[in-house]
Amino acid sequence: MSETMLRLENVDKFYGAVGKGVHAVRNINMDVARGEIIALLGSSGCGKTSTLRMIAGFEETSRGKIHLAGREVHRLPPVKRHVAMAFEGYSLYPTVNVRDNIAFALKAARLPQADVDARVNEVAEMLEIGDILGRMPGSISGGQQQRASLARALIRDADLYLLDEPMGQLEPQLRTLLRGRIKHYIKQRGLTAILVTHDQTEANALADRIAVMEGGVLQQYGSPAEIKERPANLFTGTFVGEPPMNVFPVTGSVVGDQLHLDLEGGLDLVYPQSAFAPQVREAIVKRGRVVLGVRPYAVRRSGEGPAARVLANQWLGDQSHIAAAFANGTLVLVEHDRANVDIGAEIRVALDPADLHVFDPESGKAIAHGAELA
Amino acid sequence: MEHTSTLEKILRGTAITLVILFFMFPIFWIFLMSFQTNETILRVPPSIVFEPTLSNYTALITGKLDTAAGTLEISFMKNLWNSLFLSTASVAVGLVLGVPAAYAFARLKFRGSEDIAFTLLSFRFAPPLLVLLPLTIYFQQIGLADTYIGLIWVYQLIVLPLILWIVRGYFEDIPADVEYAYRIAGHSWGATFRKIALPLAGPGIAAAGLLAFIFAWNNFIFALVLASADKQPVTVGALAFVTASGIQYGQVAAGIVLSILPTFALALYAQRYLVEGLSLGAVKG
């Protein structure tokens, strides 16, 4: 493991009295290596922005420690933390033009004018705002302000770059273009960055590791592939992925040399015992009831297997989304060809053991992924 | 707005004229009165044709009031100076105390902050007479009665809540991210307050200061009770024109004209800040 740039140790945030107020961030532990890009991913109110602000120093930590570049910083004011931050909203100094906004820190550091200009032009061109450098913040659009704020952060020298929804107001096309450029810029310079976002595409595209947050709790911290293939719990499983993972309660039992997973509504999934690792079988049978998860693109139509009744069939131009009534719930499957099934038709589906995720119904914790223990 | 019909234009013009007439006529009439003697003012029916005289202004400026009962000494110019001094000093003290407090109430959420802010506002609900009697006794005991400092202190009851609540709103309208950006770029909290928050709220502070000045200038009851003749502002001093031989309408009018001049000039000057205050909305895009 390379050098640790940022470490959060048992960090808690209460708004109001400690132990009594709103518990916005709950006991977070996280390491970020030098040169890594981390995405804090979660819905609004999940505690990701509070976490970012504690790292920046705008919010005090209620409990726990923050180490940055080898220093303990959680008691230091923002000015002493040596971090740069890009803001989601309107954060430009309204009295100076975009160029001076971006160049602000460089000028304060008394860099030669030629250097400042060169760096401003480079960053501005990367972010497609080269043509508005002379404008005042009040006269440019929200998306342009956001990019200027991003430029102002990226141009600085800092130990850590905090990007709070830096592309929230941009059009999808521009977002795709800038994602690639920003990642290249950060990686090329070996910068360490934390990105806050609620957009999983952005998190997947930019981040080396994703921290999924919900209810103030760090649900899972891992690479995009890990999060997708081995979700640590039911929340991460259903939150990450579009369309969301299908989940069904099942009752597991071993009959002869077969593992039966009984769905609600009288359906039964039957697999040979050998399809699952022995520990997985044991874990399922011991609990009796578990929650089964399967991603929509892993569900296949086949000649046999349990039946489902089609409720909707949408062709999105590049893939079909089929929703079907299945085991007292709804099963969604994705096909990459145009699916020729009518509403009301009966289809049979196959769920490959390698694509199944098994979760504990009480704690929501993952028990097994693809027939192997979690 | 581009497609206003002629009828609409006429109606709007008429409405504006009526409003202006309604508000400006008394001032216009007082202005005329200030150049007339009591005889021409009181004749029936009134007329706008008269022989103008500067006697009212001379009487005020020289401090000698000629009445039917003889010459009276009045200290109108001293009153005017008192008004100017008391209002300016009160607003200055109010700004020094109120602006940082407003910033604190806008940006920091501390225990009881709303309660404290509301308590300060509630000073404006209480009838002044309610606090005046006990205040008079206290002021006499601690030697603050009939002093400028005592009056400026009491004027904070008028000035401080006004400044606090108006300026707080302006601070709250500044996006916090602008300040965060400045702080994270390597500046202390204090520098951010001075370099970002104060200039951005400048128009609001100017507006609050102006309004507070007018309120302080127009105050009557505090100075009437707590100050003697040589510390009293024009609002109280104008009582001197009600003499044993009648009310000196001409001098009252001239006094009003002189006493609205400073606030009028201030309002004209501060108008551009008020306009800037409206364009601050550009920050929000």
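Colleague: What should I know before I start?

Modeller: This is a predicted model, where local features need pLDDT of at least 70, side-chain atom pairs count only at pLDDT 80 or more, and totals for chains, interfaces and linings use all residues. Residues are numbered from 1 along each chain as its sequence is written, chains are lettered from A and ligands numbered from 1 in the order in which they are written, and side-chain values use heavy atoms, with hydrogens and water left out.

Colleague: How do I read a pair of aromatic rings?

Modeller: Use the distance of the centres and the angle of the planes. Rings of Phe, Tyr and Trp (its six-membered ring) pair if their centres lie within 6.5 Å; planes under 30 degrees apart are stacked, over 60 edge-to-face, and the rest tilted. That rule gives 23 aromatic pairs over all chains. Take A:Phe248 and A:Phe326: their ring centres are 5.2 Å apart and their planes at 75°, so this pair is edge-to-face.

Colleague: Which parts does the pair of A:Phe248 and A:Phe326 tie together?

Modeller: A:Phe248 lies in strand E11 (residues 246–255) of chain A and A:Phe326 in strand E17 (residues 320–326) of chain A, so the pair ties together parts that are 78 residues apart in sequence. Helices (H or I, at least four residues) and strands (E, at least two) are DSSP runs, numbered from the N terminus.

Colleague: Is A:Phe248 buried or exposed?

Modeller: Buried means under 20% relative accessible area, exposed over 50%, and partly exposed in between (1.4 Å probe, protein chains only). A:Phe248 is buried at 5%. A:Phe326 is buried too, at 1%.

Colleague: What about a tilted pair?

Modeller: Look at B:Phe76 and B:Phe241. Their centres are 6.2 Å apart and their planes at 45°, so the pair is tilted. B:Phe76 is buried at 3%, and B:Phe241 is buried at 1%. Chain B also has a cluster: ring pairs link B:Tyr103, B:Phe171, B:Trp189 and B:Phe193.

Colleague: How do I read a charge over a ring?

Modeller: NZ of Lys or CZ of Arg must be within 6 Å of the ring centre and within 35 degrees of the ring normal. The charged end of A:Arg152 sits over the ring of A:Tyr93, 4.7 Å from its centre. In chain B, B:Lys231 lies over the face of B:Tyr148, 5.6 Å from the ring centre.

Colleague: How many residues of chain A are in contact with chain B?

Modeller: Contact means heavy atoms within 4.5 Å. By that test, 21 residues of chain A touch 18 residues of chain B. Buried area is the accessible area (1.4 Å probe) that two parts lose on being put together, summed over both. Here it is about 1700 Å², and carbon and sulfur atoms give 69% of it. On the chain A side, A:Phe58, A:Tyr90 and A:Tyr93 lose the most area to chain B, together 31% of what that side buries.

Colleague: Which side chains form the salt bridge between the chains?

Modeller: Side chains of opposite charge can pair when their charged atoms come close. A salt bridge is a side-chain nitrogen of Lys or Arg within 4 Å of a carboxyl oxygen of Asp or Glu. Between chain A and chain B the count is 1. B:Asp177 and A:Arg53 form it, at 3.4 Å, N to O.

Colleague: Where does B:Asp177 sit?

Modeller: B:Asp177 is one of the buried residues of H8(B). This helix, residues 176–184 of chain B, is mostly covered: 8 of its 9 residues are buried. Its cover includes H1, E6, helix H2 (98–108) and H4 of chain A, together with H4 and helix H9 (189–218) of chain B. B:Gly186 follows H8(B), with a positive phi near 105°.

Colleague: What does A:Asp199 reach?

Modeller: The side chain of A:Asp199 reaches the backbone nitrogen of A:Thr201 at 2.9 Å. A polar contact of 3.4 Å also joins the side chains of A:Asp199 and A:Arg175. A polar contact is a pair of N or O atoms within 3.5 Å; within protein, one must be able to donate a hydrogen and the other to accept it, and residues adjacent in sequence count only if both atoms are side-chain atoms. A:Asp199 is buried, at 17%.

Colleague: How many salt bridges are there over all chains?

Modeller: The count is 22. In one of them, A:Lys187 and A:Asp208 meet at 2.6 Å, N to O. In chain B, B:Glu172 and B:Arg168 meet at 3.2 Å. Both lie in helix H7 (residues 148–173) of chain B, 4 residues apart, about one turn of the helix. B:Glu172 is partly exposed at 39%, whereas B:Arg168 is buried at 6%. A network of salt bridges links B:Glu114, B:Arg168 and B:Glu172.
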